[in-house]
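Here's a quick look at how two chains meet, plus a stop at one residue. Have the model open while you read.

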2 protein chains.
Amino acid sequence: MELNERKKKILEVIIRDYINTAEPVGSRTLSKRCNLGISPATIRNEMADLEDLGYLVQPHTSSGRIPTQKAYRYYVDEIMEIRKLEKMIRTDIHRGFLNTTTELGSTMDHTARVLSQLTNYTAVVLAPRVTNFNCRNVQIVSLIKNRVLMVVVTNEGMAKNIEVALSQDVDNALALKLSNVINGFLKNTNLSDLSSELVDRIQEMTPEESKLIHEIIPHLKKVLLDEDSEVHSTGLTNLFNYPEFSDVNKIKQLINLVQEKQVLSEMMTNNNGNQVIRIKIGSENDNENLKDFSIITSTYELDGEMMGAFGVIGPTRMNYDNVSSVLNYIRNELNLHISNLLMK
Amino acid sequence: MELNERKKKILEVIIRDYINTAEPVGSRTLSKRCNLGISPATIRNEMADLEDLGYLVQPHTSSGRIPTQKAYRYYVDEIMEIRKLEKMIRTDIHRGFLNTTTELGSTMDHTARVLSQLTNYTAVVLAPRVTNFNCRNVQIVSLIKNRVLMVVVTNEGMAKNIEVALSQDVDNALALKLSNVINGFLKNTNLSDLSSELVDRIQEMTPEESKLIHEIIPHLKKVLLDEDSEVHSTGLTNLFNYPEFSDVNKIKQLINLVQEKQVLSEMMTNNNGNQVIRIKIGSENDNENLKDFSIITSTYELDGEMMGAFGVIGPTRMNYDNVSSVLNYIRNELNLHISNLLMK
DNA sequence: TGTTAGCACTCAGTTATTGCGAGTGCTAAT
DNA sequence: ATTAGCACTCGCAATAACTGAGTGCTAACA
């Protein structure tokens with residue numbers, strides 16, 4: 001069902017108004033705001049039609065109308081367009097990225113902060129997943145007694161590490177030897193292909209060393225698969241200023257959501273439509289805690305390979321065009337910055 | 001001004017009651033609850049006295065009384081005692097610690113979770129500060145181009161790391177060499193005493209290597225000083241169930257507080273009184289965001305040296321005795337667990 | 001036939017009024 | 001010193017009346 005131009009225009013104005021004010025929009029207010037030169041009565045007729053079509057609802061008889069989820073979807077798909085950000089804002093963002101330190105983690109923090117500042121919603125940023133990348137280098141660092149730190153470095157120069165306890169004590173010398181053995185393997189083999197049989201073929205190891213290597217390998221593989229560790233979020237309290245969040249239960253929902261890093265991570269990286277900017281409105285979200293929110297996400301890449309995701313969580317009456325524009329620009333900046341940081 | 005036994009008893013019952021119900025306590029209710037066999041009228045007289053002395057206030061004429069901050073302080077200092085936890089709870093906690101993995105970080109997470117579960121308030125745990133400890137071992141790991149990961153290991157086997165960019169490219173071999181040089185220094189010198197002059201005395205380095213070492217040392221020192229990184233908190237939403245937190249502004253305050261890891265860290269480690277369990281009530285807290293809360297903290301040690309802190313944040317009508325008892329027991333468990341993990 | 005003015009109607013939210021009840025302070029009797 | 005009794009206070013819940021922004025419908029109009 002296609003809407004005629006006037007209906008489309010009216011719907012647009014209602015949505016814009018409601019996004020700004022969070023108040024139901026009435027026909028009189030509307031006729032003043034949009035300069036179509038039509039009277040409240042006419043608008044009422046049109047609004048009644050739009051209600052029949054499922055784009056508007058009345059919270060109660062005798063109040064103005066508010067947009068439905070379907071209306072937001074229509075707005076996002078058919079009406080709004082992703083604008084270019086103002087020059088001043090663009091250069092601000094650009095300079096900000098130049099000033100971040102060379103550490104990847106702080107770039108992520110910075111991104112989250114900028115996002116939440118520019119949008120006034122809650123920002124979430126996923127640090128690069130090492131999962132998809134190959135491991136170039138492993139360092140075993142002796143800690144104390146049988147405990148070691150394993151550092152895994154990918155081809156792109158990203159590092160992750162975990163502490164583990166092994167079955168025997170490991171001193172500096174042994175740690176170095178173990179590192180060398182494993183790095184020897186990695187010259188020819190992917191970490192994920194590293195099997196017990198391969199290890200057993202190497203002769204010049206004592207039984208103890210061989211045993212340790214066998215213990216270490218599964219841990220290394222686990223490091224690469226570990227997902228939830230690096231979720232940065234900011235601006236939680238931004239949302240509290242919006243009237244729909246005066247309810248403590250909604251706040252609880254939001255906090256629970258942000259704390260479930262695993263879920264957040266899956267949700268944001270699962271890009272079925274292959275779109276650059278993905279918008280999920282209200283109940284379009286699978287996650288129960290997100291049913292009352294909208295989330296807009298995007299991804300950043302290195303060498304065409306998806307590395308991570310970032311996005312913004314807000315009320316369903318979110319400022320979709322502004323947020324999309326911001327995400328779009330940040331995405332470019334981030335891609336640029338990351339490839340500077342990691343390119344061979 | 002000392003209180004006589006009866007006043008003391010009455011004050012105790014009022015505080016206990018108010019902690020449970022968050023409702024002002026009246027004389028009639030009170031006379032039923034405490035079996036001193038005195039009538040409401042007498043109690044009213046005593047309550048009037050207690051009000052004059054500053055221990056009670058009436059939210060409005062003609063309502064019951066609620067304890068003041070002074071009353072809580074009196075209760076904490078003079079009335080309550082730290083009980084031993086029930087056997088069952090004790091063994092539960094103990095088993096929980098045995099089951100945590102060997103990684104320090106997960107022990108901290110576990111501690112926070114247990115604390116918030118047992119108290120129903122918000123728990124905060126500071127991971128060990130490396131600041132006070134000496135560095136035994138440094139590993140420079142080549143990442144990509146001029147970027148390296150620096151891993152610092154203390155004598156006790158705790159590890160910290162940062163990524164930095166150096167002025168020249170560093171490959172695996174160079175990284176190893178740099179590590180060896182620095183570790184050579186550390187055999188005889190504390191990291192904090194490592195100066196440029198010392199470095200210059202070593203002959204067998206190329207000018208480039210020497211330059212890199214000079215760049216690296218300040219970074220290493222900074223790693224040890226970095227404080228805010230490891231603050232674990234849980235149970236934020238626990239507090240939302242208490243009636244005093246139906247106000248969104250208070251929630252905001254709390255969230256801001258928990259996010260300011262630096263502040264939290266300073267506040268919790270600054271132990272002027274040298275007490276095992278430290279209780280700060282309402283405005284006794286220096287931090288503006290904490291003025292409406294109470295916080296109870298304790299510390300854990302290794303070899304008599306303070307390593308970190310943990311504690312609980314809640315309303316001023318906090319269940320002081322229960323929380324103190326829990327902290328007291330967890331402290332012992334944590335000390336035990338950590339020394340098992342790190343003892344040479 | 002589409003648009004608009006006019007009018008009766010709806011209903012959330014605010015204000016004013018009232019009554020209730022838990023609590024107090026004071027006084028006089030025990 | 002303690003307590004029973006009583007008048008008084010005051011927050012709070014319930015009720016009623018009022019307001020105003022908004023609607024749907026009808027009839028008139030271009």
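Between chain A and chain B there are twelve residue pairs in polar contact, both partners at pLDDT 80 or more. A polar contact is a pair of N or O atoms within 3.5 Å; within protein, one must be able to donate a hydrogen and the other to accept it, and residues adjacent in sequence count only if both atoms are side-chain atoms.

This is a predicted model, where local features need pLDDT of at least 70, side-chain atom pairs count only at pLDDT 80 or more, and totals for chains, interfaces and linings use all residues. Residues are numbered from 1 along each chain as its sequence is written, chains are lettered from A in the order in which they are written, and side-chain values use heavy atoms, with hydrogens and water left out.

S4(A) gives the most, with seven residues.

The two chains bury about 3400 Å² between them, counted as accessible area (1.4 Å probe) lost on being put together, summed over both.

Away from that topic, Glu46(A) sits in helix H3 (residues 40–52) of chain A. Glu46(A) counts as buried because its relative accessible area is 5%, and buried means under 20% (1.4 Å probe, protein chains only).

Notes: Helices (H or I, at least four residues) and strands (E, at least two) are DSSP runs, numbered from the N terminus. Buried means under 20% relative accessible area, exposed over 50%, partly exposed in between (1.4 Å probe, protein chains only).
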